[in-house]
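Let us walk through this model step by step.

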Amino acid sequence: MRFKRSSGVLLHPTSLPGRFGVGDLGAAALKFVDWLADAGQTFWQIMPLGPTGYGDSPYSSLSAFAGNTLLIRPEHLVERGLLGADDLRDAPASSAARVDYGRVIDHKRTLLEKAYKKFKSGSDAGARGDYDGFLQYAASWLDDYALFAALRDKHGGESWHTWEAGVARREEGALARAREELREQVEAHKFFQYLFFEQWLRLKAHARERGVWVVGDMPIFVAHNSADVWARPHLFKLEEDGRPSAVAGVPPDAFSKTGQLWGNPVYDWERMSSEGFVWWTERVRETLKLVDVLRLDHFRGFAAYWEVPAGHETAERGRWVDAPGRELFRALKDANGGNDLPIIAEDLGTITPDVHALRDEFDFPGMRVLQFAFGGDPRDTHLPHNYTHNTVVYTGTHDNDTTLGWLRARSEDAADGDEGLRRERANCLKYLATDGAEINWDFIRAAHASVADISIVPLQDVLGLDSDARMNIPASTEGNWAWRFREGALTDALRDRLREMTETYGRLPSQ
């Protein structure tokens, strides 16, 4: 699918400011959308919206279909009469700059359980009809997710394959008994999802009214301890006891000398193909209810993926295994009425000609990242003069340092005698014809001025923040996904500067 010349900003909702320790779908989100629209932006790119498990990564979700209830706005529950104003007075002390997930999870869960009890009392008659409508809206996945979530709570978050054999293997009698035993807990999780979807879809509708499209992010793989693998184990390469027999990752690369061992179970693509890729068509259909455009993370895995035997401590001893990407995308297109799919291909990493061929066959725009551009080869595809129109350029992604942090790190390493990083820094400054004093805006200008159809900038780069604002360090397990921007950071001056640059390079929606 081809896109008009345009631009946008990357920011996950957890990074919004607010009083409850984590960004939510309330006033700050609406204000951010309005700021984007007034700055002439077409896209708001986010990370996956699913409920997170251990490590709090949005790329390791408990469900490919459910929403992250941490994002629910508590004030709206007061407005609905599902909470009292006094219920919000005990919010735990929290940093305005970082999410303390442990505190936030406990507090939000307490509020949601109170809201559920009030809902069950029938105090909001209108909510019952809306809720029943949501049960139909989410019928394809909600029952499995809610039972999984209730069972996971019962088992203290332990992986489903360690549960008693009957429910782990989904024996009909054991599942019936679990549904009866956990009836209230299952219903509560359905209600929590109702609240999330109600609030998110209202926010998304506001964005569309302001001319802002939401770009969502879909990881290629799902977490092992997820409702998806528990509910459909036959679609994954698993041992008889439910453990993965092989897991996903990437081979050694610029981010990690030993590769990245993600640990996600890999698909049994032969079985998926025999079922007509029904799970994938459902996944894409449901996700496109929540977002307008999909960025497919690790697109190269649809041509061939890196499979590592379970039990290995690093990803070094894996192998490339072919995947039926062409057949899958044909099935997805057919399920979309034969229409082109609104997909962006994250074609980064170890890329081979078959990956480009798959991307181009379906006319998906690929990605370029400015931070990868300055190794010294004038033919480097990440350099703006080598872009094609059907491209999305990023100054950096959620896996990169901020642009200011990136340059500072290279400056410090160069001062310590690292010749390679010294050259990279020098190449960058020379190419951009700058002294680096406002390197974030130099990067934004280069991205916006390029021929790439879409230019996306992390909010950290618009704000000119250093490495303290980095969202994620690949192959690390602590301290990620926690950054938040401070109230008042979105000034009129920044809005006007971003809009002016967007207009100068022909990326305003009206141009």
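Helices here are DSSP runs of H or I with at least four residues, numbered from the N terminus. Keep in mind that the model is predicted.

Start with the charges. Side chains of opposite charge can pair when their charged atoms come close. The cut-off is 4 Å between a side-chain nitrogen of Lys or Arg and a carboxyl oxygen of Asp or Glu. A search of the whole structure on that basis returns 46 salt bridges.

Take D132 and R128. Their side chains form a salt bridge, with N and O 3.3 Å apart. Why can these two meet? Both belong to helix α4, which covers residues 125–137, and they sit four residues apart, so about one helical turn separates them. How accessible are they? D132 has 34% relative accessibility, which makes it partly exposed. R128 is partly exposed too, at 36%.

Next comes E180 with R183. The closest N and O atoms of this salt bridge are 2.3 Å apart. E180 is partly exposed at 49% relative accessibility. R183 is likewise at 49% and counts as partly exposed. The limit for exposed is over 50%, so a residue at 49% still falls in the class in between.

Now look at R326 and E361. They form a salt bridge whose closest N and O atoms lie 2.5 Å apart. This pair ties together distant parts of the chain, 35 residues apart: R326 is in helix α12 (residues 325–335), and E361 is in helix α13 (residues 353–361). R326 has a relative accessible area of 32% and is partly exposed. E361, at 37%, is also partly exposed.

Salt bridges can also join up. D347, R359, D360 and R368 are linked in a network of them.

Which side chain of opposite charge is nearest to D380, and how far away is it? The answer is R368, at 7.1 Å. D380 is buried yet has no salt bridge. D380 is in the loop between β10 (366–369) and β11 (391–394). What does D380 touch, beyond its neighbours within four places in sequence? Its contacts there are F372, A373 and N386.

Leaving out residues up to four places away in sequence, N440 touches T403, D461, V462 and G464.

Turn now to the empty space. Rolling a probe the size of a water molecule over the atoms shows where empty space is left. Five cavities of 30 Å³ or more turn up in the whole structure. The largest cavity holds about 250 Å³. It is lined by 24 residues, and P48, L49, G50, A64 and D217 are the closest to its centre. Strand β3 (213–218) and helix α11 (278–290) are the elements that give two or more residues to this lining. What kinds of residue line the largest cavity? The lining has 15 nonpolar, six polar and three charged residues.

The second largest cavity has a volume of about 130 Å³. Its lining comprises 18 residues, with T397, H398, P458, Q460 and M471 nearest the centre. By class, the lining of the second largest cavity has six nonpolar, ten polar and two charged residues.

Finish with the backbone. Most residues other than glycine have a negative phi, and most peptide bonds are trans. Where does this model have a positive phi in a residue other than glycine? D363 is one of the places, with phi near 60 degrees. D363 lies in the loop between α13 and β10. With a relative accessible area of 24%, D363 is partly exposed.

A433 also has a positive phi, near 50 degrees. Its loop runs between α15 (419–432) and α16. Is A433 buried or exposed? At a relative accessible area of 71%, A433 is exposed.

Key: Residues numbered from 1 in each chain as written. Predicted model: local features only at pLDDT ≥ 70, side-chain atom pairs only at ≥ 80, totals over all residues. Heavy atoms only, no water. Buried < 20%, exposed > 50% of the residue type's maximum accessible area, 1.4 Å probe, protein only. Lys, Arg positive; Asp, Glu negative; His and termini not counted. Contact = heavy atoms within 4.5 Å. 1 Å grid on protein atoms, 1.4 Å probe; cavity = no way out; pocket = protein on both sides within 12 Å on 5 of 7 lines; lining within 4 Å. Points joined across faces, edges and corners; volume = space filled by probe spheres on them. Nonpolar A, V, L, I, M, F, W, Y, C, P; charged D, E, K, R; others polar.
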